[in-house]
Amino acid sequence: MKDVNCAYCMQGDLVAKFAYPICKMDSGFLYLFKEQSHPGRLIMANEKHVSELVDLSDEERDAFFADVAKAARAIHKVFNPQKVNYGAYGDTGCHLHIHLVPKYEDGPEWGDVFAMNPGKVLLTDAEYEEIAEKIRQAL
């Protein structure tokens, strides 16, 4: 069941405020987070409008984490970070999604928790598409 107030369920204009579409995955949809202070930051959103991992069957959970791992491998191929951090929050937006945040030793917040949306690095649509295409090719 979709929630008409949920950006991940409705996609389009709602999600476009903060994310750029990359592709459909087996268990949901992969996005490029528009704020790119951490180059290559992605969001993997589950296809179901559920709030918690425990709301998924074991098979659905395994498929979701397989997609998260595929996305992380693509980040490593394209951006070569020293680490990828993973964040699953959703206190206010109750749709299961995971932020994949590449961390770089010479980048912001190395050794600390990443800021959710620092608003410092925004790109053009052409630049988002260039990154999205590199990720698609690396998947």
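The helices on this tour (H or I, at least four residues) and the strands (E, at least two) are DSSP runs, numbered from the N terminus, and the expected span of a helix is 1.5 Å times one less than its number of residues. You are looking at a predicted model, in which local features need pLDDT of at least 70 and side-chain atom pairs count only at pLDDT 80 or more, while totals for chains, interfaces and linings use all residues. Residues are numbered from 1 along each chain as its sequence is written, and side-chain values use heavy atoms, with hydrogens and water left out.

**Stop 1: helix 4**

Select residues 125-138, which form helix 4. Its 14 residues reach 20 Å from the first C-alpha to the last, close to the 20 Å expected. Now colour Tyr-128, Ile-131, Ala-132, Ile-135 and Ala-138, which are buried (under 20% relative accessible area, with exposed meaning over 50% and partly exposed in between; 1.4 Å probe, protein chains only). Look down the axis: these buried residues fall within an arc of 120 degrees, so they line one face of helix 4 (the arc is that of the directions from the helix axis to the C-beta atoms). On the other side, Ala-126 and Gln-137 are exposed. The buried residues pack against strand 1 (19-24), strand 2, strand 3 and helix 3.

**Stop 2: helix 3**

Next, select residues 58-79. Helix 3 has 22 residues and spans 31 Å between its end C-alphas, close to the 32 Å expected. Buried here are Phe-64, Asp-67, Val-68, Ala-71, Ala-72, Ala-74 and Ile-75. They cover an arc of only 160 degrees around the axis, so they sit on the same side of helix 3.

**Stop 3: Phe-64**

Zoom in on Phe-64 in helix 3. Phe-64 has 0% relative accessibility and so counts as buried. Beyond neighbours within four places in sequence, its contacts (heavy atoms within 4.5 Å) include Met-44, Leu-53, Leu-96 and Ile-98. Met-25 is 39 residues from Phe-64 along the chain, yet their C-alpha atoms are separated by 8.9 Å.
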